[in-house]
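Student: Before we discuss any labels, could I look at the sequence and the model together?

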Amino acid sequence: MLIWLWGLTSLLTIVVAVLGWMYVKNQRQDLTGLSENHHLKQQVTHLEDHLKKTLEIMQDLAKKMHVQQEALDHTNAKLQQLEQQHIDMVHVISKAIQPTQK
């Protein structure tokens, strides 16, 4: 009977030691998980900041491209107007020259 008591006590001591070891191991994993989670949150925040800056840069570029396109369209319209004026002048000059050549 005394051997059974010592055996049971030893077994319970081993079980408590294993449970204590598992608890400490889980606590370490929780701390590691929290640390990794915090690190990931920092990375996400950092990436969000970069994304915001990138979007701002792209919006500025789009605005600049729009202004340049408007300037090109305006220049193109003036160029077409000048070409039409040159065509009209050539017609007027050709009409003025034709009667004198006959």
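Student: What radius of gyration does the chain have, and what would a compact globule of 102 residues have?

Tutor: In this predicted model, the chain has a radius of gyration of 43 Å, whereas a compact globule of 102 residues would have one near 13 Å. The C-alpha atoms fill a box of roughly 145 × 20 × 10 Å along the principal axes, and the chain has one helix and zero strands.

Student: Why is Ile14 called exposed, and where does Ile14 lie?

Tutor: Exposed means over 50% relative accessible area, and Ile14 has 52%, so Ile14 is exposed. Ile14 lies in helix α1, which covers residues 2-101, and buried residues make up 0% of the 102 residues in the chain.

Student: Which residues form the nonpolar patch on the surface?

Tutor: The patch is formed by Leu8, Leu11, Leu12, Ile14, Val15, Val18, Leu19, Trp21 and Met22, which together have about 880 Å² of accessible area. For the chain, the accessible surface comes to about 10,000 Å², of which 67% belongs to carbon and sulfur atoms.

Student: How many charged side chains are there, and how far apart do the centres of the two sets lie?

Tutor: The chain has 10 positive and 10 negative side chains, with the centres of the two sets 1 Å apart.

Notes. Residues are numbered from 1 along each chain as its sequence is written. This is a predicted model: local features need pLDDT of at least 70, side-chain atom pairs count only at pLDDT 80 or more; totals for chains, interfaces and linings use all residues. Side-chain values use heavy atoms; hydrogens and water are left out. Helices (H or I, at least four residues) and strands (E, at least two) are DSSP runs, numbered from the N terminus. The radius of gyration is taken over C-alpha atoms; the globule rule is 2.2 Å times the number of residues to the power 0.38. Buried means under 20% relative accessible area, exposed over 50%, partly exposed in between (1.4 Å probe, protein chains only). Accessible areas come from the Shrake-Rupley method with a 1.4 Å probe; for residues, only the protein chains shown count as cover. Lys and Arg count as positive and Asp and Glu as negative; His and the chain ends are not counted. The place of a charge is taken as NZ of Lys, CZ of Arg, CG of Asp or CD of Glu. Patches are made of residues with over 30% relative accessible area and no salt bridge: like charges are joined within 9 Å, nonpolar side chains (Val, Leu, Ile, Met, Phe, Trp, Tyr) within 5 Å. A salt bridge is a side-chain nitrogen of Lys or Arg within 4 Å of a carboxyl oxygen of Asp or Glu.
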